[in-house]
Amino acid sequence: MPHHTHPHRTPAGARWCAVLAVCLAAWAVPAAAANTVYKWVDANGIVHLSSDKPPSGVKYERLAWSQSRNGSGGRSPGAGSGSAGNRVLAASAEQVASRNAVVSELQNRECVVALEAIDRLARGGQAVDEADFQRLQQTADRNCSKDPDRRHEQEQMAAKLRVAKGDVCVDARNKLADMLEPGRRPTREQLKNQQEFIESHCKAPVR
């Protein structure tokens, strides 16, 4: 007797695969959320970085990270909780530590960039927009370390960034580019000296 397949009935195997896919998706979403850092700029132009989502209606940038940053690779299994069929993964201590390290790294970058811009504007000798200056100061206040020793390190990094972006280093990089132009024949010693100058004086501490 021929086997008839009902046109509107999904085979049992396909239904099981669909249920499994939904369960896996529900299982994976919290883990992905645990691996996310949020960056946004508020109405005053201040940069915020957090492992928590910004308030509703705020436009943000989601910065995903992986545990492979610290060599563990992949996602830690974690302990499951919640109702059956909707397994929720809590972030492991390792995930939390890695995420906090990423936030700290990003905050350090925003701090150094803001401090360099503040110093450049203060030294520029030109009229400074008060709102822009205040925005930079607030970004620095929010992201720079409150520890005096660490804050001193960040200020030194900002000074190095200012030098790296200054005329001397711009000229040095242009000179090296000219040396490498087709038809130019600098000596090995000239190239070495130029590259060493750039490496020692013009390397930006943050990007």
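Student: How do α2 and helix α3 pack in this model?

Tutor: Keep in mind that the model is predicted. In it, α2 and helix α3, which covers residues 130-143, pack at an angle of about 145°. Their axes are 8 Å apart, and α2 passes α3 in a left-handed crossing.

Student: Which residues make that contact?

Tutor: From α2 come Gln107, Glu110, Cys111, Ala114, Leu115, Ala117, Ile118 and Leu121. Phe133, Leu136, Gln137, Thr139, Ala140 and Asn143 join in from α3. By class, that gives nine nonpolar, four polar and one charged.

Student: Let's go to helices α5 and α6. What makes α5 roughly antiparallel to α6?

Tutor: Look at the angle. Helix α5 (residues 167-179) and helix α6 (residues 188-201) pack at about 150°, with axes 10 Å apart. Angles over 145 degrees count as roughly antiparallel, so α5 is roughly antiparallel to α6. As for handedness, α5 passes α6 in a left-handed crossing.

Student: What meets what between α5 and α6?

Tutor: On the α5 side you'll find Val168, Cys169, Ala172, Arg173, Lys175, Leu176 and Met179. They meet Gln190, Leu191, Gln194, Gln195, Phe197, Ile198 and His201 in α6. Sorted by class, this contact has eight nonpolar, four polar and two charged residues.

Student: Now for a single residue. Why does Glu116 count as buried?

Tutor: Glu116 sits in helix α2, residues 93-123. Its relative accessibility is 1%. Buried means under 20%, so Glu116 counts as buried.

Student: How do you know that the side chains of Glu116 and Lys165 are joined by a polar contact?

Tutor: Check the distance: it's 3.2 Å between the two side chains, and the cut-off for a polar contact is within 3.5 Å. The pair Glu116 and Lys165 is therefore joined by a polar contact. Leaving aside neighbours within four places in sequence, Glu116 is also in contact with Ala158, Leu161 and Arg162.

Student: What does Leu49 touch, not counting residues up to four places away in sequence?

Tutor: Leu49 touches Tyr38, Lys39, Val103, Leu106, Gln107, Glu110 and Asn143. Gln107 and Glu110 of α2, along with Asn143 of α3, also turned up in the contact we began with.

Student: How far is Leu49 from Arg62?

Tutor: Their C-alpha atoms are separated by 10.0 Å, and the two residues are 13 residues apart along the chain.

Definitions and conventions. Residues are numbered from 1 along each chain as its sequence is written. This is a predicted model: local features need pLDDT of at least 70, side-chain atom pairs count only at pLDDT 80 or more; totals for chains, interfaces and linings use all residues. Side-chain values use heavy atoms; hydrogens and water are left out. Axes are lines fitted to C-alpha atoms, for helices over the stretch in contact, and angles run from 0 to 180 degrees between N-to-C directions. Helices (H or I, at least four residues) and strands (E, at least two) are DSSP runs, numbered from the N terminus. Angles under 35 degrees count as roughly parallel, over 145 as roughly antiparallel, 65 to 115 as roughly perpendicular and the rest as oblique. A crossing is left-handed if the near helix is turned anticlockwise from the far one by less than a right angle, and right-handed if clockwise. Contact means heavy atoms within 4.5 Å. Ala, Val, Leu, Ile, Met, Phe, Trp, Tyr, Cys and Pro count as nonpolar, Asp, Glu, Lys and Arg as charged, and the others, Gly among them, as polar. Buried means under 20% relative accessible area, exposed over 50%, partly exposed in between (1.4 Å probe, protein chains only). A polar contact is a pair of N or O atoms within 3.5 Å; within protein, one must be able to donate a hydrogen and the other to accept it, and residues adjacent in sequence count only if both atoms are side-chain atoms.
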